[in-house]
Amino acid sequence: MQETSFPLIFSKRPRPLVALDWISGLLFLAGVALVFFYAPLEAVMGPVQKVFYFHVASAWVGMLGFVVAAVCGVLYLVQKRRLWDVIAVAAVELGMVFTLITIVTGSIWARPIWNTWWTWDPRLTTVTIMELVYAAYLMLRQGIEEPERRARFGAVYAIVGFLSVPLTFLSIRIFRTIHPVVIGSGDPGATGSFDMTPRMLQTFLFGLLVFSVVFVDWLWHRVRIGQMAEQVEELRLRAMDQQMRRATPGGLPVLLLGLAQEAPADTLGYMIAGYAVIFGMMAVYLVSLVVRYRNLKLDLAVLQELEEKEQS
Amino acid sequence: MSQFLKATYAILWKDLTAERRSRELLSAMLVFALLVIFIFNFALELNIQVRATVTSGVLWVTLAFAGTLGLNRSMAVEKDRGCLDGLLLAPVDRTAIYFGKMLANLVFMLLVAVIVLPIYSILYNTNLLLPGLGLVILLGAYGYVAVGTLLASMAVQARTRDILLPILLFPVVIPLVVAAVKASGGILEGVPLGEILPWLNLLVVYDVLFSAVALMVFDFVVEE
């Protein structure tokens, strides 16, 4: 590509982002190593307890995503800057991915310990309803074409949805919980609770750090993709104005999840399944990011060519 | 302030008058509510033992579904006939528009409840006409339409509006519905007030919180 009227601003990652990519990658590997080789085996539950480290970490990051989305919603309504909207969508998407990881890994952990894949406990239920709130958020956005209105409605719904989450939790809390409260005081009789040894605590805290860094890194990438998508949308509208409709590549890969039922005799299988899910889903999401990035890049190139032709 | 109240009242009056003349909305909501009750009758085998525990649930699901129907319709009418633009041109505080529509929806929902409750009482030979239940229905319906009116005014402006409203509304009103079902169930079973109070508190908190949020953000929803 030579000179273009609309420069490709996203052809290269900025240097801090490259550094962050490396840092988060290395931290992630270190976190995995800590979980498998440093953290001790829990006496009662066995290997499956190791799911805990990344289970809680992704729950935290998922929550963080929704907080960021709500804050960006408020900021967008006040300042009307497009960037806040792009960040909000990115945060919601990441929040949904990590919350889904939390739900599925929790389910795998629950099978051998609570002897059921699912229980109607306040936290499980709230987290799942939260996931549904943000699924509704994405569907609302999908139904609106005009970008400015889409951003406004998204912001309003992100705020309303976020405020409903604590109330949902409160309303379901009345039912007795069997979810272990590992952090802070909880019901000591809850099945599956345990005391953390120093090594467990270190691994756990490191896991939180790792996921936070990974979250920031991925959020940055996702925001860049969002900005690129906006640029593509703008160019496409312009191209359509010039009455040059053309089919363009694009589209999301469908996330597919297969869960095999296993015998609850040996919890090692569950730990492996838990981490397979974590790695698998993170990998699928990463691939989807890469695919979208490449598709957008192709779109940009095609649209710019059109633009050039039009101008010459 | 009196200007605000006047505008609110004008919108409420407009909606009620339109409904009094056409009777489109209320009749649809009522027939729908009765149908839901009949379906529940067969789906749940509402014999005497089961009835005692599920009545409040059946009641609230019926009200919620009928309410969605009403909310969708009340905003869609404004949008389709271009009335919304007219309303927005009026030199009044826009939150007055929200409040007027919200109150009109509340009236419709309460009317449905007022008709459904005695019918349910007759059909199942249980007395649902209790003052406590009336209070719970008032609090629950208020919260429901407070959020519902806000979300419906967004949903009607989307491409997929008819299917969108329940998807937007239900996950957000879950705490309200849970609290309302629990409180009504407690009142119907004659549980002492102390045990119902947490649920009533939750209803009040929900109502206050979401009317405040709706008042703050409604401007952004209708802004053009």
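Which pattern does chain A follow when read along the sequence? Please then examine the packing of helix α1 of chain A against helix α6 of chain A.

Analyst: The model is a predicted one. Read along its sequence, chain A follows the pattern α-α-α-α-α-α-α, that is, seven helices and zero strands. Of the 312 residues of chain A, 39% count as buried. Among the contacts in chain A with a separation of 6 or more, 81% are accounted for by residues 24 or more positions apart.

The packing of the two helices may now be taken in turn. Two packed helices are described by the angle between their axes and the distance between the axes. Helix α1(A) spans residues 15-38 and helix α6(A) spans residues 198-241; their axes come within 9 Å and cross at roughly 155°. Because angles over 145 degrees count as roughly antiparallel, this crossing makes α1(A) roughly antiparallel to α6(A). The crossing of α1(A) past α6(A) is left-handed.

On the α1(A) side, the residues that meet α6(A) include Leu17(A), Leu20(A), Ser24(A), Leu27(A), Phe28(A), Gly31(A), Leu34(A), Val35(A) and Tyr38(A). An α-helix has 3.6 residues a turn, so residues three or four places apart point the same way. On the α6(A) side, the partners include Arg199(A), Thr203(A), Phe206(A), Gly207(A), Val210(A), Val213(A), Val214(A), Asp217(A) and Trp220(A). By class, the residues of this contact divide into 14 nonpolar, four polar and three charged.

Other helices of chain A take part in the contact with chain B. That contact takes 24 residues from chain A and 23 residues from chain B. On chain A, α4 (122-142) and α5 (147-173) each supply at least two residues of the side that touches chain B. Helix α5(A) gives the most to this side, with 15 residues. The side of chain A that touches chain B comprises 17 nonpolar, five polar and two charged residues.

In chain B, helix α7 (residues 161-188) has a kink of about 55° at Val173(B), shortly before the proline Pro175(B). Helix α7(B) is mostly covered, with 21 of its 28 residues buried. Just after α7(B), Gly190(B) takes a positive phi of about 70°.

Key. Residues numbered from 1 in each chain as written. Chains lettered and ligands numbered in written order. Predicted model: local features only at pLDDT ≥ 70, side-chain atom pairs only at ≥ 80, totals over all residues. Contact = placed C-beta atoms within 7 Å. Helix = DSSP H or I, 4+ residues; strand = E, 2+ residues; numbered from the N terminus. Nonpolar A, V, L, I, M, F, W, Y, C, P; charged D, E, K, R; others polar. Axes fitted to C-alpha atoms, helices over the stretch in contact; angles between N-to-C directions. Parallel < 35°, antiparallel > 145°, perpendicular 65-115°, else oblique. Left-handed = near helix turned anticlockwise from the far one by under 90°. Buried ≥ 20, exposed ≤ 12 C-beta atoms within 10 Å, placed from the backbone. Bend = angle between axes of the 7 residues up to and from the residue.
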